[in-house]
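Please look over the sequence and the 3D structure shown here before reading on.

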Amino acid sequence: FSVNFELLYADIQVEKQDVETGNTPQGDASFNGAVFELKNLNGNVLETLTTNGATVKSKKYPVGTSYQVCEVAPPTGYLDNDTCNRVDLTFSGDSTPETFYTIYQDKVIKGRIEIAKSIEQETEYPYESVIQKPGVGFKFDVFLKSSGEKVATLVTDENGMIDVEGLDVGSYHFEETKAPEGYSINTDGKT
């Protein structure tokens with residue numbers, strides 16, 4: 001009398017996601033290039049995985065075992081996430097999958113930009129000092145440079161300031177679109 005059995009193997013697919021938008025990276029951030037370590041439960045690294053796009057698959061491992069997937073380097077534009085996801089390759093008879101999945105969510109890096117608009121006050125005499133005063137009421141459109149998408153329209157305050165917080169990682173271009181009466185629009189946008 002003999003017993004034959006076949007070990008089942010499965011791989012692990014890691015999917016990178018944005019904690020706020022899910023499958024869509026924000027700004028110039030990317031899911032590409034996230035680095036993970038696949039470890040056994042003793043903490044020994046079995047494999048290092050790097051996403052190409054939003055996902056990466058491991059080698060095959062025996063069903064009935066458990067592993068940890070730990071992010072060791074976030075992709076461009078995302079903050080570190082030092083948690084590990086446990087993945088149990090659980091046997092479930094004929095419906096045992098060939099791939100087990102885990103999702104890893106990161107927070108995008110947010111930035112802040114401050115702009116100061118000033119105007120030169122006219123002088124009465126040729127040798128009089130030019131005085132800068134706040135440019136109040138100038139309207140600007142803000143564009144994500146890589147996509148050209150307009151992300152905000154803002155107006156300078158009583159101090160000639162615009163303060164933009166919570167911008168996704170990326171380069172931005174500011175274009176002056178409206179000037180108060182008596183002033184012309186400066187068409188030299190700033191990046």
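Predicted model: local features only at pLDDT ≥ 70, side-chain atom pairs only at ≥ 80, totals over all residues.

Residues are numbered from 1 along each chain as its sequence is written, and side-chain values use heavy atoms, with hydrogens and water left out.

**Salt bridges overall**
- A search of the whole structure finds twelve salt bridges, where the term means a side-chain nitrogen of Lys or Arg within 4 Å of a carboxyl oxygen of Asp or Glu.
- A network of salt bridges links Arg112, Glu114, Asp163 and Glu165.

**Pairs made by Lys16**
- Lys16 forms a salt bridge with Glu71, and their closest N and O atoms are 2.4 Å apart.
- This pair joins distant parts of the chain, since Glu71 lies in strand E6 (residues 66-73) and Lys16 in strand E1 (residues 9-18), 55 residues apart; strands are DSSP runs of at least two residues, numbered from the N terminus.
- Lys16 also forms a salt bridge with Asp106, with the closest N and O atoms 2.5 Å apart.
- Here, too, distant parts of the chain are linked, with Asp106 in strand E8 (residues 99-106) and Lys16 in strand E1, 90 residues apart.

**Burial**
- Lys16 has a relative accessible area of 0% and is therefore buried, a word that means under 20% relative accessible area with a 1.4 Å probe, protein chains only.
- Glu71 counts as buried because its relative accessibility is 8%, and Asp106 is buried as well.

**A further pair**
- Glu37 forms a salt bridge with Lys39, the closest N and O atoms lying 3.8 Å apart, and Lys39 counts as buried at 18% relative accessibility.

Methods. Helix = DSSP H or I, 4+ residues; strand = E, 2+ residues; numbered from the N terminus. Buried < 20%, exposed > 50% of the residue type's maximum accessible area, 1.4 Å probe, protein only.
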